[in-house]
Amino acid sequence: QVQLVESGGGLVLPGGSLRLSCAASGSIFNIDHMAWYRQAPGKQREYVAAISPAGTTNYADSVKGRFAISTDNAKNTVWLQMNSLKPEDTAVYYCKILMYDPKNIPYDYWGQGTQVTVSS
């Protein structure tokens, strides 16, 4: 089993910044990538950003230039630096890890989520 624990959410003014963190623990092996998703009230969960162990990053168009994902492979931790926040960034943010076992079977695990609210 793998556990993901997110932290860093909160209430912030429009234009402000927050930094989310996600620490993975347990039976971790052959990580393909770690990622952040978010889900706003009444909407489907959507992709935000992802990073591979080699440091390759990918972002949703809605956050490019404002958010930055980073990782510490030794600590199995990923961060999401969120700048220039907008009210439409308000959502529960979830961390996800994707791993492959020796038989190339994928396993993904999700954190419990952390609330980010952007409001004046």
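Is Tyr-107 buried, partly exposed or exposed? With a relative accessible area of 33%, Tyr-107 is partly exposed. The structure is a predicted model, and its chain contains eleven strands and zero helices.

**Overall form**

- From the N terminus onward, the order of elements is β-β-β-β-β-β-β-β-β-β-β.
- The C-alpha trace spans about 50 × 25 × 20 Å along its principal axes.
- The radius of gyration is 14 Å, which agrees with the value near 14 Å that a compact globule of 120 residues would have.
- Of the 120 residues in the chain, 42% are buried.
- Among contacts with a separation of 6 or more, 54% are between residues 24 or more positions apart.

**Nonpolar core**

- In soluble globular proteins, nonpolar side chains tend to be buried together.
- In this chain, the largest nonpolar core has 29 residues, and Leu-4, Trp-36, Leu-80, Met-82 and Tyr-93 have the most contacts inside it.
- At least two residues of this core come from each of β1 (2-7), β3 (18-26), β4 (31-39), β5 (46-51), β7 (67-72), β8 (77-82), β9 (91-100) and β11 (114-118).
- Strand β9 contributes the most to this core, with five residues.
- Beyond its neighbours within four places in sequence, Tyr-93 is in contact with a set of residues that includes Trp-36, Leu-80 and Met-82. Other contacts of Tyr-93 include Glu-6, Leu-20, Tyr-37, Arg-38, Val-48, Phe-67 and Val-116.

**Strand β1**

- The side chains of β1 alternate between two faces.
- Strands β1 and β3 run antiparallel and are joined by six bridges.
- Within this pairing, Glu-6 stands opposite Cys-22 in β3.

**Aromatic pairs**

- The structure holds three aromatic pairs.
- In one of them, the ring centres of Phe-29 and Tyr-107 are 5.9 Å apart and the ring planes lie at 80 degrees, so this pair is edge-to-face.
- Phe-29 belongs to the loop between β3 and β4, and Tyr-107 to strand β10 (residues 106-110), so their pairing ties together parts that are 78 residues apart in sequence.
- Phe-29 counts as partly exposed at 28% relative accessibility, and Tyr-107 is also partly exposed, at 33%.
- Tyr-37 and Tyr-47 likewise form an edge-to-face pair, because their ring centres are 5.6 Å apart and their planes lie at 75 degrees.
- That pair links Tyr-37 in strand β4 with Tyr-47 in strand β5, ten residues apart.
- Tyr-37 is buried, with a relative accessible area of 18%, whereas Tyr-47 counts as partly exposed at 26%.

- One aromatic cluster is formed by Tyr-37, Tyr-47 and Trp-110.
- The charged end of Arg-45 sits over the ring of Trp-110, 4.7 Å from its centre.
- Arg-45 also lies over the face of Tyr-94, at 3.7 Å from the ring centre.

Notes:
Residues are numbered from 1 along each chain as its sequence is written. This is a predicted model: local features need pLDDT of at least 70, side-chain atom pairs count only at pLDDT 80 or more; totals for chains, interfaces and linings use all residues. Side-chain values use heavy atoms; hydrogens and water are left out. A nonpolar core is a set of buried Ala, Val, Leu, Ile, Met, Phe, Trp, Tyr and Cys residues joined through side-chain atoms within 4.5 Å. Buried means under 20% relative accessible area, exposed over 50%, partly exposed in between (1.4 Å probe, protein chains only). Helices (H or I, at least four residues) and strands (E, at least two) are DSSP runs, numbered from the N terminus. Contact means heavy atoms within 4.5 Å. Rings of Phe, Tyr and Trp (its six-membered ring) pair if their centres lie within 6.5 Å; planes under 30 degrees apart count as stacked, over 60 as edge-to-face and the rest as tilted. A charge sits over a ring if NZ of Lys or CZ of Arg is within 6 Å of the ring centre and within 35 degrees of the ring normal. Two strands pair if DSSP finds at least two bridges between them. The radius of gyration is taken over C-alpha atoms; the globule rule is 2.2 Å times the number of residues to the power 0.38.
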